[in-house]
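Subject: Structure for you to look at

Hello,

Please find the structure below.

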Amino acid sequence: MTAIEQDKAQENPALPFSALEPPRRYLFGPGPSMVHPRVYEALSKPIVGHLDPYFIQVMGDVQQLLKTAFGTYDGATLVISGTGSAGMEAAVANFVEPGAKFAVFANGYFSDRLTEMAKRQDANVVRFEKLWGETYTQDEAREFIRREKPKVVAYVHAETSTGAMQSGQAICAAAHDAGALVIADCVTSLGGVPVEFDQTGIDVAYSCTQKGLSCPPGLSPMAISPRAMDWLRARTSTSRSWYFDLKLIHDYFTVSHRYHHTAPISMFYALREALLVIAEEGIENRWERHRRCHKSFVKGIEAMALRMHVPEGHRITTLNTVCVPKGVDEAKVRRRLVDEPGIEIAGGFGPLAGKVFRIGVMGPLATEDNVQFFLKEFRKTLSAEGYSI
């Protein structure tokens, strides 16, 4: 740097910073996932105001497209301006009143987060505890709900921390028999795995944009059943959260379009485009594509004499948890993958820290070629870290 440039840098501290050039990664982690090129293009479109008629139309398009993704025809759909945890907080803050009994099927990190949020609402929380990665049978779900008689029941459909998929039919049926509402965490399932909101009997579901929808993080789509909407309208106590008050947000989205908050315009463009990509592929075709890739992935993992953490039949097809082989440092494997082929995966945490790799195969990466590319690089990296296949 010349003397003149040094003087200018002292006058303007921003000058030494280089242009923004993020590294290119293959996002094979649990999220964020790879973003579709059309979604990047949508993000570059000119913004309008959050009350502009064009944006109101965009919000309406998103709501309609979300119905197909969630699998609902009668339910209301809307979008929370915030990540998946914002959707979780909105669900809990609006449907779990202080003192109400809140039953949680606890088998992973995000059921623990649901528990913490409910405690902050002064709910009476009861938990059915299982090891991380285990799921619940129909009889277990029915007995727990019958015994506790909760007002609200919550479960995680696709548990990101474990790779386990929980069927919701038995939980929802038993909850409705007890007169309870059901909240389902669909953060890792929406867009890649069938949610089937109506068919399952879910009352409130929330998700995110950065996993199965192949969109950047920043929004949390929600679906609310007619039963839950009636409950919400009849609620007499005021929600403790103003920002996540679903009565106000639903009015902004659907009824009066009165100002509630400044929505992130560009992210709504991105979500609309991501949902259009899904609609053009066909939601069932998309599910099947992810199922095929999951089977191919598991076949390749087992060919390396590696073991899956979750039993067959209970696995999330978009997020795989692979047991770390004995003698291998999973953190070193992950670092080597990032440094050499530029592949990002994640490790376990909580009780699974150091015990599993969390590997996502979703969105644009869910193709046979990409699965084989990953398996080849994973094999090479494991071998370099001392694993003998």
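Two notes on the source come next. This is a predicted model, in which local features need pLDDT of at least 70 and side-chain atom pairs count only at pLDDT 80 or more, while totals for chains, interfaces and linings use all residues. Residues are numbered from 1 along each chain as its sequence is written, and side-chain values use heavy atoms, with hydrogens and water left out.

Most residues other than glycine have a negative phi, and most peptide bonds are trans. Ala305 is not a glycine, yet has a positive phi of about 65 degrees. Ala305 sits in the loop between α12 and β11 (helices are DSSP runs of H or I with at least four residues, strands are runs of E with at least two, and both are numbered from the N terminus). Lys149 also has a positive phi, near 50 degrees. Lys149 lies in the loop between α6 (138-148) and β5 (152-156) and counts as exposed because its relative accessibility is 61%. The peptide bond from Gly31 to Pro32 is cis, with omega near 5 degrees. Pro32 belongs to the loop between β1 (26-27) and α2 (37-43).

Arg315

Arg315 is in the loop between α12 (283-303) and β11. Arg315 is buried but has no salt bridge (a side-chain nitrogen of Lys or Arg within 4 Å of a carboxyl oxygen of Asp or Glu). The nearest side chain of opposite charge is Glu302, 4.7 Å away (Lys and Arg count as positive, Asp and Glu as negative; His and the chain ends are not counted). The side chain of Arg315 does reach the backbone oxygen of Val310, at 2.6 Å. Leaving out residues up to four places away in sequence, Arg315 touches several residues, among them Gly163, Met165 and His294 (contact means heavy atoms within 4.5 Å).

Strands

An open sheet of 3 strands runs in the order β11-β14-β13, with antiparallel pairing (two strands pair if DSSP finds at least two bridges between them). β11 (319-323) and β13 (346-347) stand at the edges with a single partner strand each, so one side of each has no neighbour in the sheet. β13 pairs with β14 (residues 356-360) over 2 bridges, and Gly347 has Phe357 in β14 as its bridge partner.

Elsewhere, β3 (residues 101-106) and β4 (residues 124-129) run parallel and are joined by 6 bridges. Phe102 stands opposite Val125 in β4. With helix α5 (residues 109-120), these strands make a right-handed β-α-β unit (with the strands pointing away from the viewer, the path from the first strand over the helix to the second runs clockwise).

Ala228 is in helix α9 (residues 226-234) and is buried, with a relative accessible area of 0%. The buried residues of α10 (residues 246-255) include Leu246, Ile249 and Phe253. Among the elements covering the buried residues of α10 are α9 and α11 (265-281). Just after α10, His257 takes a positive phi of about 60 degrees.

Regards

Notes
Buried means under 20% relative accessible area, exposed over 50%, partly exposed in between (1.4 Å probe, protein chains only). A polar contact is a pair of N or O atoms within 3.5 Å; within protein, one must be able to donate a hydrogen and the other to accept it, and residues adjacent in sequence count only if both atoms are side-chain atoms.
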